[in-house]
Amino acid sequence: MVLFYSADQSPQTISDSSITQQRFKQLKESLSQVLTHFYPFAGRVKDKLTIDCNDEGVFYTEAKVSYTLAEFFNQSIFSSFIHKLLPNQPIMEVATEGYTTMAQVTCFACGGMVIGTLISHMIADGAAASFFLNCWGSNSRSEFQNALAFPNFDTPFPRNIACRQDTNVMALCGQFLNEGRLATRRFLFDAKAISRLRTQGSSLTVQNPTRVEVVTSLLCKCTAKAFKANSGLERPILITHAVNMRRRASPNFPKSCMGNFAWLATALMSAKEEVIKLPDFVIKLREAVTTINSEFVKSFEGEGGFAKYCEISKQLIETASNVALTSGVNYVHYTSWCNFGLYDVDYGWGRPIWVSCVASSLDDSMFFNSVILMDTPSGNGIEVWIYLNEDEMATLQQDKELLKFANFDPNPLQLKDYISHA
């Protein structure tokens, strides 16, 4: 997660290096304080299943660059440089004693700041990572005690160190690794486009689809066309969509629950454009997600919860494998960071003007197709990051149906969302 903060507009803030140094100090001290509550974040990877909560601390580094945020964003390929705003990833998790949490704070010549974090999925999913960042921000503003609940590491699901790697649902994604050149592109759906999509995607079955449902469904439809155009084969699309089980439990688990509460909803989508329309994709997606209900979550709790988890995980992985072997599929993994509250993370000098993930690098030769959906600053739109083979991406970014609704690779400083937010 990479959070961009603009500078105060006063000339004093831009030119006074002491303000920058004060902010560096404030961030470092507040991080140290908040880690006393998020103690696994300061631990080390012991093995693939265990974190040693030894309080050795996080990896933390600071950097300065000689150009402004505006100059950074005005580069035609600025997204390919975002990875430089994150700590060096290879030292995370690769061996025993690897870091679970890493942070880099970068100051630009204009006084703007970027905070980039890497947090191991062994200790936190996206919702938990966002909660941590918001707590860090509250602590930096000296409001931690009042603003948010303290983190809760007492999972409702039973622990079992005998958990096999082949029963981890993420093993499903690993079956669909591609080899080649990975390309990353951004598409912005503003509030008006989403309103039009919700109208077109509605049906008697799903009368009021969500913004995530309609954007995901349109992307399923358009990526299917891209796959077919490049391979010449009309294969179905197998999608997985990460679902936050905190919101599916009854009553809901609080946001303060730390750990991984994500499950993968799966759906097999036809690629026959003349038969399958947008509402059909929406219905399929809604059906897949609603199977993850309160009863489903409840089945993982209690004495038999771990055995149930292993059973359902194995079934999910085997079903995906069988579909891939018998009919051949194109696979895409979707995850939504919408409503995580990332645009609420305030360290004392305002909310972020932009939040991003990371583009691919030249070293990414093994990958699986994936899509990340994120809020826009106003919270009404969706910004999409798509990761595909570069040939399929070249076709997708020219798709006329997609471009009717989405703006391709917009400058974050020129977003209507940003102007209204600022």
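This is a short tour of the structure, stop by stop.

**Before you start**

The model is predicted: local features need pLDDT of at least 70, side-chain atom pairs count only at pLDDT 80 or more, and totals for chains, interfaces and linings use all residues. Residues are numbered from 1 along each chain as its sequence is written, and side-chain values use heavy atoms, with hydrogens and water left out.

**Stop 1: the whole protein**

Show everything. There are 14 helices and 17 strands. These are DSSP runs numbered from the N terminus: helices are H or I with at least four residues, strands E with at least two. Now colour by burial. Of the 422 residues, 52% count as buried. Buried means under 20% relative accessible area, with a 1.4 Å probe and protein chains only. The accessible surface comes to about 19,400 Å² (Shrake-Rupley method, 1.4 Å probe). Carbon and sulfur atoms hold 50% of that surface. Contacts are heavy atoms within 4.5 Å. Among contacts with a separation of 6 or more, 76% join residues 24 or more positions apart.

**Stop 2: the seven-stranded sheet**

Select β11, β10, β12, β15, β16, β9 and β17, in that order. They form an open sheet with mixed pairing. Two strands pair if DSSP finds at least two bridges between them. Which strands are at the edges? They are β11 (262-269) and β17 (407-408), and each pairs on one side only.

Zoom in on β9 (residues 182-189) and β16 (residues 382-389). They pair in the antiparallel sense over eight bridges. Pick Arg 185; its bridge partner in β16 is Ile 386.

**Stop 3: aromatic pairs**

The whole structure has 32 aromatic pairs. Rings (for Trp, the six-membered one) pair if their centres lie within 6.5 Å; planes under 30 degrees apart count as stacked, over 60 as edge-to-face and the rest as tilted.

Select Tyr 5 and Tyr 347. Their ring centres are 5.8 Å apart and their planes at 75°, so the pair is edge-to-face. Tyr 5 lies in strand β1 (residues 2-5) and Tyr 347 in the loop between β12 (330-336) and β13 (354-356), so the pair ties together parts 342 residues apart in sequence. Both Tyr 5 and Tyr 347 are buried.

Next, select Trp 263 and Phe 300. This pair is tilted: 5.2 Å centre to centre, 50° between the planes. Trp 263 lies in β11 and Phe 300 in the loop between α10 (294-298) and α11 (305-326), so parts 37 residues apart in sequence are tied together. Trp 263 and Phe 300 are both buried.

Technical notes
Buried < 20%, exposed > 50% of the residue type's maximum accessible area, 1.4 Å probe, protein only.
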